[in-house]
Amino acid sequence: MIGFFLAGLWPFNFIPENEVKWLSNTNGISFYGHGMVHTPVLFNGENPPFQNGSITVEMLLQPKVKCDCFVARILSLYDGRKSENLFIGQSKYDLVLSGHFITPDNKIKYKEVGLDNILMRDKRIFITITSGRDGTTVYIDGKQVRSYPQYNLIHDDKSSGYLIIGNSPTGKQYWTGELYGIAIYNRIIATDKVLNNYQAWIKNGSPDTLGEESPLALYLFDEKTGTLIKNHSGPQDLIIPAKFTPFKKVILSPPREDFKLDRSYLKDVVINFFGFLPFGFFFLALLWNPIEFKRLRTSILVILTGGGLSLIIELIQSNLPTRTSSLTDLILNTLGTVAGVIIFNMISGKLGNPDQPTYLR
């Protein structure tokens, strides 16, 4: 049991470091693990920043890994209660955009779109995303590459929230890479302006704002030290916390949120199932009684103990920012215990008469 707790909770870090650092050779910050930066209050305060349902986001960045396990969040707008209003993320080498809308029965539904093989490892890229009532357009290095008619990242005029960079509100979908600048506008930028801004970012490290309305937020990451990232176009500064503390605690996330048919998910399934199989087998062997009615009672006790042990581990994991509390893991651990109990019962039945004491040698 000590071994199971060590495996399930290691490294027991309840207050981990926020894995974000300043770049030394250029303006920018590096996300190298479980880390995030965010606004300390709701973006634009109590006034919805995108009152006409339009938004433009410019980002100069360089991914460092291939995101196989989840959709890593580069930028997220979290409502502070239940969900992300929108996010821009990376899955494998693909760019992923997601916005949500409210159904007639008042349920939140998400819709994701994306571009394949855009975020290649160690390749610097400039991304511009414009979105409004008529649709969403993605530009790469100033050139239009994809449009999504009738798809809008801002679902209503009340959208606001905490701006989170480099992670999701739960802290589980962390992005790894370098970020050199972000600009956010509460309007759609014209195609020629997108190209001009790209050229200005590459040449000067900031967009061309002459003769234009200033961005809602402009982060140049030029401080190179400290815990504050200044908004050069408004009051919504970003902070870099010393400790990694997610906004939202997840307790036993449902299987539908964890399911992803890939190698990483299947590996996790195998580990959680077969990891608890020895527990069911050997714990039943320890308590074994060959009398039939006691054998059934002992088997049930072992299954409940395995499930209870797994539940305790998952509940503790919900307080570990770098670990995930999952209902899927609990179910698989319990099924693994059941399999171990069944195997031992099958073996013990072949070793002697079940109505007589059986001694294992």
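Colleague: Happy to start with helices α1 and α5: at what angle do they pack?

Modeller: This is a predicted model, in which local features need pLDDT of at least 70 and side-chain atom pairs count only at pLDDT 80 or more, while totals for chains, interfaces and linings use all residues. Residues are numbered from 1 along each chain as its sequence is written, and side-chain values use heavy atoms, with hydrogens and water left out. Helix α1 covers residues 2-9 and helix α5 residues 292-317; their axes (lines fitted to C-alpha atoms, for helices over the stretch in contact, with angles from 0 to 180 degrees between N-to-C directions) are 10 Å apart, and the packing angle is about 30°.

Colleague: And what does that make α1 relative to α5?

Modeller: Angles under 35 degrees count as roughly parallel, over 145 as roughly antiparallel, 65 to 115 as roughly perpendicular and the rest as oblique. With an angle of about 30°, α1 is therefore to α5 roughly parallel.

Colleague: Which residues of α5 does α1 meet?

Modeller: Contact here means heavy atoms within 4.5 Å. The residues of this contact divide into 7 nonpolar, 2 polar and no charged, where Ala, Val, Leu, Ile, Met, Phe, Trp, Tyr, Cys and Pro count as nonpolar, Asp, Glu, Lys and Arg as charged, and the others, Gly among them, as polar. From α1 come F4, F5, G8 and L9, and they meet, in α5, L309, I312, I313, I316 and Q317.

Colleague: Stepping back to the whole chain, what share of the residues is buried?

Modeller: The chain has 6 helices and 16 strands, which are DSSP runs numbered from the N terminus (helices H or I, at least four residues; strands E, at least two). Its C-alpha atoms fill a box of roughly 95 × 45 × 35 Å along the principal axes. Buried means under 20% relative accessible area, exposed over 50%, partly exposed in between (1.4 Å probe, protein chains only). Of the 361 residues, the buried share is 48%.

Colleague: Which element has the lowest mean pLDDT?

Modeller: pLDDT is the predictor's confidence in each residue, from 0 to 100. The chain averages 88, and 91% of the residues score at least 70. Among the elements, strand β2 (residues 29-31) has the highest mean, 98, while the lowest, 82, belongs to helix α3 (residues 255-258).

Colleague: On to the loops: is S54 buried or exposed?

Modeller: S54 sits in the loop between β3 (37-38) and β4 (55-63). Leaving out residues up to four places away in sequence, S54 touches S131, G132, Y185, N186, R187 and I188. With a relative accessibility of 9%, S54 counts as buried.

Colleague: And D116, is that residue buried or exposed?

Modeller: D116 is in the loop between β8 (108-115) and β9 (125-132). Apart from neighbours within four places in sequence, D116 is in contact with Y93 and D94. At 57% relative accessibility, D116 counts as exposed.

Colleague: Last one: near what value is phi of K224?

Modeller: Most residues other than glycine have a negative phi. D141, in the loop between β10 (135-140) and β11 (143-149), has a positive phi near 50°. K224 lies in the loop between β14 (217-219) and β15 (228-229) and is partly exposed, with a relative accessible area of 41%. Its phi is also positive, near 65°.
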